[in-house]
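These are my notebook entries on a structure that I consulted for the first time. I set down each item in the order in which I looked it up.

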There are 2 protein chains.
Amino acid sequence: MAPRYGLPVTSPELLPERFSRVLADFIAARRIELSALDSELAALTDVLEPLISGGKRLRPVFAYWGAIAAGGTESDELFAAASALELVQMSALIHDDLIDGSDTRRGVPAAHKAFASLADSEHFGEGAAVLLGDLCLSWADQLFFESGMPAERLLAAKPYFDVMRTEVAGGQYLDLLEQHRGDATPARVNRVMELKSAKYTIERPLHIGAALAGAGPDLFDGLTAYALPLGRAFQLRDDLLGVFGDASVTGKPAGDDLREGKRTLLVVRALELLEPTDAQWLRSALGTPMSDSDIARAQNLLTDCGVVAEIEALIAAELSTALAAIDSTSMDARAASALRDLGVAAAHRSR
Amino acid sequence: MAPRYGLPVTSPELLPERFSRVLADFIAARRIELSALDSELAALTDVLEPLISGGKRLRPVFAYWGAIAAGGTESDELFAAASALELVQMSALIHDDLIDGSDTRRGVPAAHKAFASLADSEHFGEGAAVLLGDLCLSWADQLFFESGMPAERLLAAKPYFDVMRTEVAGGQYLDLLEQHRGDATPARVNRVMELKSAKYTIERPLHIGAALAGAGPDLFDGLTAYALPLGRAFQLRDDLLGVFGDASVTGKPAGDDLREGKRTLLVVRALELLEPTDAQWLRSALGTPMSDSDIARAQNLLTDCGVVAEIEALIAAELSTALAAIDSTSMDARAASALRDLGVAAAHRSR
């Protein structure tokens with residue numbers, strides 16, 4: 001089917017670069033604004049720039065295709081509004097790394113670590129990271145409203161932006177709660193996955209883009225039918241990579257999720273499927289500095305008990321549901337094709 | 001002079017109650033929204049409600065009078081938009097208390113303490129407080145845009161809202177930096193005071209209100225000429241109360257700022273004015289768990305070296321500059337009268 005709506009559409013592999021350019025310009029403007037208040041404040045954007053330069057721009061990409069799906073036209077204004085979602089994500093990552101005590105992010109020091117080196121104080125680093133995350137969150141809706149999209153479109157999309165921020169904070173809260181209780185059930189893990197991965201990463205960005213392009217209710221429903229199963233497939237792949245991923249590709253040591261003690265669906269279902277003594281060993285090993293041979297033993301247990309095959313089957317089923325939703329939803333043909341490709345890539349990626 | 005513009009105007013002492021009602025309704029709606037995502041999430045608003053019920057609503061009050069000053073009409077929509085500023089402030093307080101390790105706020109446990117009790121974990125408490133502060137910040141612009149004010153007015157006020165959030169985070173960052181360096185100069189202290197007290201608490205709220213009512217540039221300038229000196233007077237009074245305040249009125253132990261080691265203008269100037277041995281003693285006592293007799297000794301040193309009289313004179317001069325700005329700015333007469341009263345009250349309050 002030929003494209004139905006206004007050309008041009010940037011080729012998918014060049015999209016992240018377009019968002020990165022918007023973000024770099026916006027942050028450069030904030031640097032000038034902060035420096036005018038006080039020269040010391042440039043440190044805030046100095047810490048931010050390397051952190052934000054490395055992302056995959058997944059949420060802006062989905063927002064962009066949501067808009068194209070709805071018949072929207074590609075424009076600098078659309079790129080700017082979609083890029084705002086990366087600032088929400090940056091805020092979440094800075095605060096997450098602080099809460100989790102993660103030292104690195106995207107190959108560079110996490111914000112709290114970078115600030116700690118600046119003033120030779122961990123306490124200063126933590127406080128400054130809280131503030132930088134707050135700034136990114138404030139800057140997200142600033143960039144959204146400064147994008148130059150028509151006011152009525154921005155106001156139509158704003159409720160989706162709002163609900164997205166509430167859902168992600170809610171998902172993070174539940175995740176934190178489960179970590180501290182340590183009694184996660186598959187139902188609880190699925191709830192966190194729905195809020196943090198499916199809704200926050202895929203559904204709401206698509207909705208925001210669709211609303212920016214003035215979509216009708218049918219498209220919102222179709223995008224939801226695609227996003228929720230795909231979000232689960234995306235997270236389940238993440239869970240497998242967190243245990244079995246190739247360190248040279250993922251950039252994280254193999255088995256990292258096990259050492260962190262993450263209660264993923266993979267782990268929670270394994271604890272249900274394993275023989276009691278094996279389950280007991282795994283439960284006691286999770287969240288400890290496991291040796292490489294501990295990791296290997298855990299990997300073997302997960303493979304042998306059938307949970308890996310179960311998760312792979314779930315990913316395949318979720319992906320198939322997501323792709324079927326695209327087929328049964330009326331949308332721009334280029335967007336449909338891009339969303340299919342993004343779905344397959346998300347479900348089968350190796351990093 | 002008789003009121004020039006649309007009646008009614010709520011009597012000043014009843015204003016905080018109007019904002020509190022908006023906030024209570026808004027948070028109740030968020031509670032329903034969060035509970036629909038997961039029943040555990042109601043804990044977020046359960047922790048928030050007692051914290052937000054206690055404020056003076058200073059920023060909404062200034063936003064309200066900024067709008068009235070510009071000829072705006074009192075309306076439920078204006079109350080809602082102005083109340084959004086209290087959510088920005090709540091976010092800042094929750095994150096400040098976390099960074100400072102303050103256990104109580106407005107007579108109830110600080111957010112991180114309240115969450116810590118919920119899951120019997122300090123780490124959970126800290127993480128959840130980061131998330132609740134993020135939610136309040138997101139909810140601030142949500143309430144602003146849901147206020148029902150006309151879209152063009154909201155968009156005209158939004159840049160002031162944005163710059164306010166950047167300025168307050170910048171001020172907090174500088175404040176944190178000074179605390180860790182411990183080498184504050186009067187110039188550095190004045191910069192923090194300008195950003196955190198003068199601009200964030202008074203100038204920008206007035207500007208937001210004025211923009212919501214469609215004010216012209218002269219009024220913005222006049223409000224700035226009032227706000228910046230008044231903000232300094234307000235902070236200087238705060239500094240005096242933090243050392244000399246009556247605990248039964250301020251709700252904080254006398255000398256609390258000394259025990260916390262705050263580098264206020266009062267303290268920094270005292271260190272310049274005191275005899276070397278006295279200055280050395282004070283410097284070494286600041287930020288330690290000083291006894292009541294240490295506090296009494298510090299109070300005497302501050303009084304005797306003349307810094308208290310100097311700060312009182314500064315407060316009087318700043319207040320006088322602020323009041324003169326009201327007289328020389330054309331604005332609604334009721335707003336002028338209210339801003340005069342607020343100025344005098346802020347400069348001479350005992351809590």
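Entry 1, an arginine in a loop. I looked up A:Arg57 and found that A:Arg57 counts as buried, at 2% relative accessibility. The model is a predicted one, and I read every value with that in mind. I placed A:Arg57 in the loop between helix H2 (42–52) and helix H3 (58–69) of chain A. I noted that the phi of A:Arg57 is near 60°, a positive value in a residue other than glycine. Most residues other than glycine have a negative phi.

I turned to B:Arg106, which is not a glycine and yet has a positive phi of about 50°. I located B:Arg106 in the loop between strand S1 (104–105) and strand S2 (108–109) of chain B. B:Arg106 counts as partly exposed, because its relative accessibility is 30%.

Among the buried residues of H12(A) I listed A:Leu265, A:Val268 and A:Arg269. What covers them includes helix H8 (186–212), helix H9 (217–244) and helix H15 (307–327) of chain A. I also recorded a salt bridge between the side chains of A:Glu272 and A:Arg269, at 2.6 Å from N to O. These two residues lie in helix H12, 3 residues apart, about one turn of the helix. A:Glu272 itself counts as partly exposed, at 47% relative accessibility.

I found B:Arg30 in a salt bridge with B:Glu33, with the closest N and O atoms 2.7 Å apart. Both lie in helix H1 of chain B, 3 residues apart. B:Arg30 is buried, with a relative accessible area of 8%. Residues three or four places apart in an α-helix point the same way, because the helix has 3.6 residues a turn.

I counted 60 salt bridges over all chains, and 10 between chain B and chain A. I examined B:Asp38 and A:Arg188, whose closest N and O atoms are 3.1 Å apart in a salt bridge. B:Asp38 lies in the loop between H1 and H2 of chain B and A:Arg188 in helix H8 of chain A, so the pair joins two chains. B:Asp38 is buried, with a relative accessible area of 3%, whereas A:Arg188 counts as partly exposed, at 22%. I then noted the salt bridge of B:Lys158 with A:Asp141, at 2.5 Å from N to O. A network of salt bridges links residues including A:Asp141, A:Arg165, B:Lys158 and B:Asp162.

I recorded 47 residues from chain B and 47 residues from chain A in the contact. The area buried between the two chains is about 4600 Å², of which carbon and sulfur atoms give 67%. I found 24 residue pairs in polar contact across this interface. H7(B) gives the most to the side of chain B that touches chain A, with 17 residues. By class, that side has 25 nonpolar, 10 polar and 12 charged residues.

The same surface serves both copies, since 100% of the contact residues of chain B recur in chain A.

Key
Residues are numbered from 1 along each chain as its sequence is written. Chains are lettered from A and ligands numbered from 1 in the order in which they are written. This is a predicted model: local features need pLDDT of at least 70, side-chain atom pairs count only at pLDDT 80 or more; totals for chains, interfaces and linings use all residues. Side-chain values use heavy atoms; hydrogens and water are left out. Contact means heavy atoms within 4.5 Å. Buried area is the accessible area (1.4 Å probe) that two parts lose on being put together, summed over both. A salt bridge is a side-chain nitrogen of Lys or Arg within 4 Å of a carboxyl oxygen of Asp or Glu. A polar contact is a pair of N or O atoms within 3.5 Å; within protein, one must be able to donate a hydrogen and the other to accept it, and residues adjacent in sequence count only if both atoms are side-chain atoms. Helices (H or I, at least four residues) and strands (E, at least two) are DSSP runs, numbered from the N terminus. Ala, Val, Leu, Ile, Met, Phe, Trp, Tyr, Cys and Pro count as nonpolar, Asp, Glu, Lys and Arg as charged, and the others, Gly among them, as polar. Buried means under 20% relative accessible area, exposed over 50%, partly exposed in between (1.4 Å probe, protein chains only).
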